[in-house]
Structures are given as C-alpha cells and as structure tokens.
Amino acid sequence: MFLNLPYVTVVLLTCLGIAAILFKRNLLKILLGINILESAVNLLIIAIGYREGGVAPIYTLAPSTNMVLPTPQALVLTSIVIGVATSALLLSFSIIIYRKYGTVNVNLIRELRE
Amino acid sequence: MRMSKIVRTATDILYPFIIIFGFYIILHGHLTPGGGFQGGAVVATGTALVLVAYSWKELPGLVSKNLLWFQESGGLLLFIGAGLAAMIIGFPFFYNWLAGSGSIFGTPVAFGPNPGDLNTGGFLPIMNIAVGVEVWGGLVMVLLYLLSALEREERA
Amino acid sequence: MISDFIWANSPILLVAIPLIGAFICPLIGKVSTDVRRAWVMGIVTLTTAIAAIVVYRVYTEGIVTYVFGAAASGMTVPMDSGGIPIRIIFTIDPMGALMEIITAVVGFSVIFYSLSADARRSGLEQYYTLFLLLIASVMGMVSTGDLFNFFVFIEISSMACAGLIAYRIERGRAVEAAIKYFIISTVAAIFLLFAIAILYGEYNALNIAMIASRMQFTPLDKVALVLIVVALLAKCGAVPMHFWTPDSYGLAPSAVTAMLVVASQASLYGLFRFVFTMYNLTFTAGMMGWTLIIIGVLSMVIGVTMAIPQKDVKRLMAFHAVSQTGYMLLGVGVGLAVLGNASLMDQFGRMAMEGGIFHIINHAMYKGLLFLTAGAIIYRVGTRDLNKLGGLGHQMKWTMVFFIIGALAIAGVPPLNGFASKLMIYESVYLFNPLLSIIAMVVSILTLASFVKVFHSIFMGPQRPEFSEVKEAPRPMLIAMGILAFVVILFGLIPVQVVSTLISPAAHALIDRAGYIAAVLGGV
C-alpha cells in the first residue's frame, strides 16, 4: 500500500489538473492546472523508476550500489525544462492578453468567436 | 518599488555566494546531483534576487540585454559545437571523444563507487557549462521581459 | 572526404544545421539585415540539400539509422546493453523521408517568400530563429525513432508555432489564437508523455522498434494508445479538437500558416507511425481503423460546411484544411481497418493508404500555395474580408493564376495533384464502403463551390476604384508560389510515377512492422 501512494497521488493530481483546466474561468488558474497536470506526469515517471531501498544513482561516494533507475530522472529533468519554457510563454501571452483586453476571464476573451 | 535598505544589503552580501554555488553545481554536474540546468537556474535566481531587491528603474545598469542574448546563443552554440566536434574527428554526433583520453576532463574513471574526480567525464562538463550559461541567460531574459511588462503597466 | 562526411552524417545534419542557423541568427542580425537574410536563405538551402541526400539514401539503401553518441553511427544495439538499444536513434524510413521532402520544399519556398513579405517589419531576429527552430523540430519529429525524443521535438514545434502565431500581436487577437493553440498542444503533449511513461514502465524501453518488438497489447497499452491517438489528433486539427485551426491559421502571418500545415501533418505522421509500427493491431485493427474513419468523415463534413459561410479568406482556407485532413484520415483509416485481412488489403487497403499518404504531400503543397496567395493579396491590399475584395484579377494576374491552380487542386479537378490522390481514395474506399466514398465526393464538390465563390469575389468583377493603386506581388513571393505550383502541376501530370517511386514505399514502410524492427534491432 505504501508503495502505491505515489500512484494514488498521480491520479489525484491528474484529476485536479484536468478539473482546473476544464472548469476554471481564470486564465492564470488554467495555467496552474496545466502545471499540476505536468507535475502528475513527472511524479508518475519518477515513481516508475523507484526501487525499494534504492539510493540516488550517483557513483560519487555512493553508500551502496542498490540504485534507482537514472533514466526516468533524466526524462523528468527534460520535461521540467520544457515545462519552465511552456509556463513562461503562456504567462507572457496572458500578460499581453490582459493588457489588450483588460481581463483574464476566458469567457470574456472572445474577439475571435464572432 | 525599491526594497528596504536591509533587503538590499542582504542581497549585496548573498549575491556572490549564490552565484558561486550555482557555478559549483554547474561544474560538478557530472559528479554530484545537479548539472547545467539546475546550476544555471540557481545563478539566475541570484540575478532575480537583485532584480527584486532593486527597482526595475535601475535595471539597465545591473544587467545588459545584449550580453544575455550573447550568453543564450553562445551557450547553445557551444553545446551543438561539442556534438559537431565529435563528427569532425570521425565519430557520430554527441560521441564522448574526450572521456578517458587523458587530456582535459579525460582522466579514466574507476568502476563502482569512488570519491569523485573533477577532471573526468569527457565533454559532459563542457556541455554542462554550455547549458548552464544558456539557462542563466535565458531565465534572466524571461524575467526581464516579464518585468518590463510590469513597468509598462505602472506607466499606464 | 567532405562528401563522405556529409553522406554519413546526413540524418543528424538535417536537424543540426537549422538549429545552428537559428542560434546564430540573433547574433548575425546585429551586423546588418542583409547579412541576416543571406544567412537564413543559406541555412534553409543547405537544409534542403541535406534533405535531398537523406531522401536519396533512404530510397536507395532502405531504412537509414543513425545512433547518437555511439562509437559508430550504425551501432544501434551496444555490445554490453543486453540487446536493448539504449541510445537515441534516428530511424528514417520512406514514410519519414516523404515527410522530409514536404518539410524541405515547403520550408524553402516559405522562407523565400517570408524574406520578401516581412522585409519591412521589425524584430525579425527572433522571427527567423523561431522559423528555423520550427523547421528543425519538424525534421526531428519525422526522423526520430525514440518516443521521448518525439515528445521533445513536438514540444519545440508547438512552442515555435505559438511564438510565430502570436508574433504580430494584431490588437491581442493573434495572442488569443496562439494561447488557444498552445494550451491545446501543451495538454496534448502532456497526454503523450503520460502514454510514454506507461509504455516505458511496461517495456523498459523508449525506442519505438524495441517497444514494437515487445508489444503485448495489454489493457494498459490500450490506455496508452487512446492517450496517444487523442493527443496527436488534437495536434493535427481533426474534428473534435479543430477549433484552434481557424483562429491560428487565420491570424498567423501567411508564410507561418503554410509551415503550420506542415507541422500539423508531422503530428499526423506521428499518429500513423505509432498506430501502425508500434502497436501490433492486426487483430483489433478494425475498431481503431473505424475510429480514424469516423473522425475523418466528421472532419471532412464539418470542415467544409463551416468553411462555406466564412467571410475571412484565411479562416475559410483554414476550415478547408480541417476538411482535407479528413481525407488523409479516411484513406489511412480504411487501410488500417483491413490491416489484418491480407486479401482485402491487396484488393483496396493498400491503395487506400497510398491515397491517404499521397494526399498528405499534395495537401501540403496546394494548401501552402493557397495560403501564400492569400498572403500576397493581404500584403498588397491590406484587407482579408471577402466582401471588401474584388476585381483584383486586373492587376494581380500571376497571383490569380497561382490561386486558380491551388483552388482547382484542392477541389480535385484533373489534371492537378489533388485529383490524383482523391481518385485513389474514392476508388478504394468505394470497395470498402460506398457511402464513405460518396460523402467524400460530395465534400469535394462543396469544396469546389466554396473556392469558386472565393475566386469570384477576390479576382472577378470590374476594377474597384479603391484598389486602383494595387500592384502585382513582389517577384520573390511569386517565385515561392511558383515552386509550389510547379510541384502541384508536376504531381498531377505524372501521378503514376510519383506513386510508384515515392508513395508506395512509404505505405509499405508503414505496413511492414517487421522491417522497421529489424532495421533497428538487427534481424529478429
């Protein structure tokens, strides 16, 4: 049960993120939802690579050679870097939208819907 | 929006240490947790601290956008150049031709747990440095552009 | 010596050269704008040349693999890895090579066009950086044989696309289109990463060939398959998630729009690659095939019906892009639906797939051409409202000719390339299910009707007084349109040769799972 805790968290975070993206009307909250969803996937990848009693996969002064899998950690690092760039781009878009439209409510951002 | 004297003084004292810590993480990326992106992010945090503690009105004196552009492009070019260098001497892209060669970063590594030697890793440290420089430039640039939005907001 | 070097390393140079070009672009732009233009043009020419080399290699040698960071570029499985390809491997088969032709031809003409169309705008360093990044990432998407690498390239391409869509803010409307596009594609990419995590957890590999060889088709794999299909259909603009296409295609600069079409088709390529190569769908292909067919038919019908009432010329073309994506999904979906049945496959399945794949390359060419003509009109006239345009045929004769070529090709009128691929789809789909084929023909007629209306309201009629000063588009823009129009006519005149040399190997590469696996893992 204890080892399944990360996966339970992944499910909860995924639901939370999708709910935020679907039901929130504030653009910034939608961006937060995207970030939560991203964290859920990152946690899933890290949890996949875990092994019981494993240490960090670094050979410098390693206490034992029973290590967790390093590849998922590299993947997650890449995914975090991509997430930073994504959030920065989305935030700058919302700044421009706020400046031009005066609102971040997605119901009111509808110049294109006519 | 300039912060109080206490914050500014603390920033002045902390700034060099944050930068040095960031460089430590970048340089030891192949031995300890961390690497180019993490170290670059730490260094950028140091710069962000300065940007927050002082006002954006003083920004042009504190950081130069030209230098940041140069850092960003230069870091990425160093990264790709390291990969291309392997191709020029006849190996595939990204082949680690410096590892174990005996020259810079070329000391062979013993198998298994070891105390760690900075002069190993082949061109992994070079790539870490490239990524670190690039991330430093890129993140500070992102901060600057987001802050310049704030500046226009206050003017309006 | 140097030719050997380029020959051996051509797959990676295809991505590395536009990347280097992109990173040097802001630095070189500080020297002067002319140097920057020469630099961008040189880089894109070089990329096209390298793409030609790669395509030639693939069509003569078979599947080309290139291993990153190994001691030799052919060493796909290292000695001490226990038979697992641990490195990033570029695996280019004829299907990927076909996409590279599309990217190279459209990328070249679009950059050529853009250097003239955007010459007077400011802030172009980052513009061309993003443009070259987009070309590099699309090249990477269609070359890579690694799941995670595909995810990274798809994220780079959506970031570059979003930046380019929002590049001219247009009172915030372009940013609104970009944020819509970017939220959709980020969520899609996260779903894709979720699927990658599931597959990695199950099979302990990221290489597509390795996962394909170990594929068990467990319930967990089905979850991953659904996530992949949903993500990539959202990225390529098929119907339930099509609402970003009219906004972003309509608001982006015209040169960017032509490239966006190619980027969406690269996602379509990814969909076909995963569905055909990675999953062993021989037993349950019918359901998956019908899913693609239904989504394809819905895209065709909804796209064309939404296009007819549009007033904005680029929005109209964008809805037609949704509709044309439906044809590709229909063709390949029929092929997928009968994948398990060898006799039906020989009867019409293979031909349906060839039609769908042929339509990908044709659509990129004529839709690119149409968007470039729309861009030329907007460049000279300054409006995109069909009610305000009129009588431009008097001054913009060449633009009119190119528009006619593009419009007739998209409507499927012989002897242009759209007719060749649509005929293949009609004939083969008719054998599968006559109703689908009839729907496809009706959609084609509606497309023709819609473009006749557009043509009439833009070019026909008396010369309007407010447009008396309008001149023909600048020559570089005309040359760029000419390149695409040449390909459109060429493929229309010799469709049999094109299908037998380019398209059949691509369709065969999708069907031939074992060949793809053997090329990476070495004769299993």
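Q: What makes 67% the figure for residues 24 or more positions apart in chain B?
A: Two residues are in contact if their C-beta atoms, placed from the backbone, lie within 7 Å. Among the contacts in chain B with a separation of 6 or more, 67% join residues 24 or more positions apart. Keep in mind that this is a predicted model, where local features need pLDDT of at least 70, side-chain atom pairs count only at pLDDT 80 or more, and totals for chains, interfaces and linings use all residues. Residues are numbered from 1 along each chain as its sequence is written, while chains are lettered from A and ligands numbered from 1 in the order in which they are written.

Q: How do you know which pattern chain B follows?
A: Helices (H or I, at least four residues) and strands (E, at least two) are DSSP runs, numbered from the N terminus. Chain B has five helices and zero strands, and along the sequence its pattern reads α-α-α-α-α.

Q: How does the radius of gyration of chain B compare with that of a compact globule?
A: The radius is taken over C-alpha atoms, and the globule rule is 2.2 Å times the number of residues to the power 0.38. For 156 residues a compact globule would come near 15 Å, but chain B has 19 Å. The C-alpha atoms of chain B fill a box of roughly 60 × 35 × 20 Å along the principal axes.
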